[in-house]
Every structure is written in C-alpha cells, then in structure tokens.
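Colleague: I should like to learn how to read the features of a protein model. Could you take me through one, step by step?

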Amino acid sequence: MKSRLYYALYFLYAIVVVFVLHLNGVFTGEEISVVNLAINIGFLIIIGILFTISSISFGRLNRVTYELEEVAFRLQKEYKEAGGKSLWGNYKDNAKVFEEDRLQEAFDQYRLRVKGSKTRRGTGASCDLEEYINEDLVDKVGMNFFNSGVSGTLTGLGILGTFLGLSMGLGAFSGDDIFTISDNVGSLLSGMKVAFHTSVYGIFFSLVFNLAYRSIMSDAYETLHEFLNVFRQTTQPAAVKDDENAAAMLVYQAGMASSLKQMLELLKGNAAEQTAGVERIVDKFTGQMQSALDTDFKKLGNVLKNAGESQAVSAKNAAEMVEAVTALVEVNRNVQEALAKVIERQETFAGQLEEQKKMLADACSDMSDEISSQIYTFEQMRNLYEK
C-alpha cells in the first residue's frame, strides 16, 4: 500500500488546482485578476512538472520492489521443495533471474565474483549479494538525488510566491491621505492573496510529498532487506571456513617439507662422489694442456716479457713527454704574466698621456685667453693714442 501512496499526490494536486481557480473567480463569475491567476497557474505548472518526474522514478522503484518480493517468495518456495538444500546450483548458471535490467546486471556481477573466488574445496572467500544489490542501487533507481530535494523546492516556491505577492501589493499601494489610501487597498489585498495562496499550497504540497516519498523509500528498503535475508538462507553459496583453509594450508606445507627433505638427502649422498669426479677431470685436463702446449706457453711468456719491456719504455717516454708539456705550460704562464704587466704599463702610460694632453690643452687655452686680453688692451691703447 505504501508503494502506491504517491498516487494521492495527483488527487490532492487536482483539488488544489480547482480550489485556486475558484478563489480567483474562474467558476464564480467574479472579476478575475489576470496577474494573480497567471502567477498561480505558473507555480502550479512547476509543481506539476516536479510531481511528474518524481512519479516516473517512483514507478520504476515500485517495479524493482515488486521484483524483489516475487523473487524472495519464489526462493522460499523452491527451498522448501528442495528439502532445505542450497539453491545456488539452480541459479549460478541461470541466465535470467530478474526481469528488471538493473537487478539482473547486479546479480550477474555477483555470480562472476563468486566464480572468480572458486577453489577446489568450494567458494574461497565470502561474498555477500548486498555488495551489489543494496540501498545504493535502490537510491539510484528511485532517483534519491532528485526526490530528496523536491520537498525543499516546494517550500521555497511557497516562500517565493509570498514575497512576489507582497512586492506586487506594495508596489501598487500609494497615497498621501486616507481617501487615496483607501482606493489602493484593493491592489494591496490582491497581492497579499497571491502571497497567501502560494504559501499555503507550497507548504502543503511539501508536507504531503515528503510523507509519500519517505513512505515509499522505507517500504523499498524493508523489501530489500527481506530479500537479502531470504537469499542468504536459501541460495547464497557457503564459503570455506577459516579452520578448513588453515588445515588445507598445513597439509600443503607438510607435503612441501617432505619433498625438500628428500631432495636434501639425495644431494648429500651424491656430493662427495661429484666432488671427486670433478677433481679427476680437472687434473687430467691440466696435464693434457701442459703436455700439448708446453712450447707454446714458453713462446707466449717471451712475447709477454717483450711486451712488458716495450710498455716500460713507452711509460718512460710518456713521463718525459709529460714533463716537457709541464715545462711548456710553465713557460706559457710566464709569458702571459709578462704580457699582462706590459699591458698594464701601456695602460698607465696612456693614462699619463691623457693627463698631459689635458694639461697642454688647458695651457693653450690660458695662453689664448692671455693673448686675446693683451690684443684687446693694445687696441684700446691705440684708439686712445689716435684720439
């Protein structure tokens, strides 16, 4: 019954739509405020769209819930008919267990996981179906990410309508005296009507939707847990226990230890004989090499001796060359130092020449000034004399 509770949203939605139209004078023949009616219809259309999207997700969630109930009932029935034996053998290779694609896909992943952990003694590691068919899957099917915010959205729409209606009423309200104020009371009341109506049905729908949504999700979670319990009791494959795994490991280790012990005994028995045989082979090979290559070894020794003497001479020559190069480097360094000193002296001499040039220019300038002054004085004296 809970899963069909969202059908009541449409019935309540139709009642509210008729009620709002009646209050706006659509059925009574009273004067209709087009602005108020348009705002209310716009808000109701938005709410209707939200309800439609949620209803689609609720219908999909109901199909998953019904599927889980049917499969749980079928497992219980088959378990009784099988005399209390596990039904995993009937379902481990069954291609179609669920009609819903998401449930079938999750169950296929679970079967692959179980087959991947298979050992000789049974299922190697415990794997629960809840890892694949769980509340997260139910939330995705029921669009929990969307429906969890619808209630708050409806409340927000009601608050938005309140402020919108008050803004309309206060915007049309004006006047400086009691007569003009009384004439604008109608527009203020019209705006307050919008604010009141949108707030009422926004909050009302929020409460009703939240009740229906939580009831549907609670029913889906409860059905899921019942299905998982039934599956664990009737179908889930039994995993090898820890003590059985430990016993198998001990047997394997004992077999490995016995094999290693036998190999060590074989190696100990044959080690002495193998060592003696190797020594005999080495002695015989050495004797044959000595007798066959005695003369050649002597020649090789002479060649190596001559090569050593040549290498000593080369080393001596290389040492002399190193000394000569070292002396050349020293001479080059001395030449560089002498050149540096010459350059430094030339720079000093150039500086002195520059100073002397400057002094000579200053002296010439002074002499020119003096001669000019004397010529000027002479000109003055000659003019006086002529006068």
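Colleague: What share of the residues is buried?

Modeller: Of the 387 residues in the protein chain, 26% are buried. The accessible surface amounts to about 26800 Å², and carbon and sulfur atoms contribute 62% of that surface. As for contacts with a separation of 6 or more, 75% of them join residues 24 or more positions apart.

Colleague: Where in the protein chain is confidence lowest, and where is it highest?

Modeller: The general idea comes first: where pLDDT is low, the predicted coordinates should not be read in detail. In this protein chain the mean pLDDT is 77, and 72% of the residues reach 70 or more. Confidence is lowest in strand E2, residues 122-123, with a mean of 50. It is highest in helix H5, residues 135-141, with a mean of 91.

Colleague: Which residues of H1 and H2 meet?

Modeller: On the H1 side they include Leu9, Tyr10, Tyr13 and Val16. On the H2 side, Leu37, Asn40, Leu44 and Phe51 are among them. By class, the contact of H1 with H2 has 12 nonpolar residues, four polar residues and no charged residues.

Colleague: Let us stay with H2. Is Leu61 buried or exposed?

Modeller: Leu61, which is placed in helix H2, has a relative accessibility of 0% and so counts as buried. If we leave aside neighbours within four places in sequence, Leu61 is in contact with Val138, Val141, Gly142, Ile216, Met217 and Ala220. Leu61 and Ala220 are 159 residues apart in sequence, yet their C-alpha atoms are 7.6 Å apart in space.

Colleague: What of Glu69: how does its relative accessibility class it?

Modeller: Glu69 also lies in helix H2, but its relative accessibility is 39%, so Glu69 counts as partly exposed. The C-alpha atoms of Glu69 and Phe227 are 6.8 Å apart, although 158 residues separate the two in sequence.

Colleague: Which residues is Ser206 in contact with, leaving aside its neighbours within four places in sequence?

Modeller: Ser206 is in contact with Ser151, Leu154 and Thr155, with those neighbours left aside. Ser206 belongs to helix H9, residues 185-234. Its relative accessible area is 6%, so Ser206 is buried.

Colleague: My last question concerns the backbone. What is phi of Met143?

Modeller: Phi of Met143 is near 50°, a positive value in a residue other than glycine. Met143 sits in the loop between H5 and helix H6 (144-147). Its relative accessible area is 16%; because buried means under 20%, Met143 falls in that class.

Terms used:
Residues are numbered from 1 along each chain as its sequence is written. This is a predicted model: local features need pLDDT of at least 70, side-chain atom pairs count only at pLDDT 80 or more; totals for chains, interfaces and linings use all residues. Side-chain values use heavy atoms; hydrogens and water are left out. Contact means heavy atoms within 4.5 Å. Helices (H or I, at least four residues) and strands (E, at least two) are DSSP runs, numbered from the N terminus. Ala, Val, Leu, Ile, Met, Phe, Trp, Tyr, Cys and Pro count as nonpolar, Asp, Glu, Lys and Arg as charged, and the others, Gly among them, as polar. Buried means under 20% relative accessible area, exposed over 50%, partly exposed in between (1.4 Å probe, protein chains only). Accessible areas come from the Shrake-Rupley method with a 1.4 Å probe; for residues, only the protein chains shown count as cover. pLDDT is the predictor's confidence in each residue, from 0 to 100.
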